[in-house]
Amino acid sequence: MNIFDQIVLLATGLVALYLVWRFVDHYRQSPGKPLQDIYYAASFAVLLVAGLLLIVLSYSVLQSPLVVIVAALIPLCLSLGLVSEFFPAWGKGYLIFALVGLVAIAVTRFTGPAGLATGTLVIWHSIAGLIIFGLPLWAVTQGKAPGGFIGVTVGGVLIGLGGIALAFVKTGSQLLFFSPEVVFAILAPLLLLMTLAFAWGFMEKAKV
C-alpha cells in the first residue's frame with residue numbers, strides 16, 4: 001500500500017467518524033430513539049475500524065476470514081437501517097435474516113470450501129446491496145426523502161461492486177475486468193467515494 005492509499009483511507013475514516021457522530025447524536029436527541037440510527041452508526045463504525053486496519057496492516061489483512069466477516073456488517077447494517085426506517089414492520093424479520101446471513105458467512109468462511117464461502121458472501125452482499133440501491137430510489141420517488149438521498153443508492157452501487165469483486169479475488173477468480181491488480185489499485189478511492197456518497201445522501205435527508 002502506498003502513501004496515497006493511506007491518505008485516502010484516512011480521509012475515509014474521518015468521514016465515517018463524522019457520520020457515526022451524527023447518527024449517535026440524532027439518536028440521543030430523538031424522543032422515539034430510532035433504531036435505524038444505531039444500525040447506520042454501527043455500519044460506519046465498522047467502516048472506520050476496517051479503514052484503520054488497512055492503514056496499519058495493509059491489504060494483507062483482507063486475507064483474514066475474521067475481517068471478511070466483520071466487513072459484511074457494513075452492508076448488512078446499512079440495509080437493516082433502511083428497512084427499519086422505511087418499512088418498520090419488516091425490521092425484526094430482516095434483522096433475523098441479517099443475523100442468519102452473518103452466521104452463515106462466518107461458518108462457511110472458517111469451515112466451508114472456498115466456493116461455498118464465496119457464494120454465501122455474494123448472496124447476502126447482493127441482497128443487502130439491492131436494498132441499499134433500491135430503497136432510497138423508492139423513498140425519493142414516493143416523496144419520503146429528498147432527491148439528494150439518491151446518494152445512498154450511489155454508495156450502494158459502489159459497495160456492491162467492491163464487495164463482490166473482492167470476494168472473487170479471494171478465490172483466485174476474476175469478476176469482469178476486476179483483476180486483483182485493478183481491485184487493489186482502486187479499492188481505497190472506491191471506499192472514499194462510497195463513504196462520501198453515503199454522507200451526501202444521509203445528510204441531505206437530515207436537512208428535511
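The legends below describe close-up views of a predicted model. Local features are given at pLDDT of at least 70 and side-chain atom pairs at pLDDT 80 or more, while totals for chains, interfaces and linings use all residues. Residues are numbered from 1 along each chain as its sequence is written, and side-chain values use heavy atoms, with hydrogens and water left out.

View 1. Buried means under 20% relative accessible area, exposed over 50%, and partly exposed in between (1.4 Å probe, protein chains only). Helices (H or I, at least four residues) are DSSP runs, as are strands (E, at least two), numbered from the N terminus.

**View 2. The surroundings of Leu78.** Leaving out residues up to four places away in sequence, Leu78 touches Tyr40, Ser43, Phe44, Leu73, Ile132, Phe198 and Phe202. Contact here means heavy atoms within 4.5 Å.

**View 3. Tyr18 and Trp21, a tilted aromatic pair.** Rings of Phe, Tyr and Trp (its six-membered ring) pair if their centres lie within 6.5 Å; planes under 30 degrees apart count as stacked, over 60 as edge-to-face and the rest as tilted. By this rule there are 15 aromatic pairs. The ring centres of Tyr18 and Trp21 are 6.1 Å apart and the planes stand at 40°, so this pair is tilted. Tyr18 and Trp21 are separated by about one helical turn because they are three residues apart in helix H1. Tyr18 is partly exposed, with a relative accessible area of 36%.

**View 4. Phe23 and Phe44, a stacked aromatic pair.** The rings of Phe23 and Phe44 lie 6.1 Å centre to centre, with 10° between the planes. Phe23 belongs to helix H1 and Phe44 to helix H2, so the pair ties together parts that are 21 residues apart in sequence. Phe23 is buried at a relative accessible area of 7%, and Phe44 is buried at 2%. Both residues belong to one aromatic cluster, which also includes Tyr40, Trp90 and Phe149.
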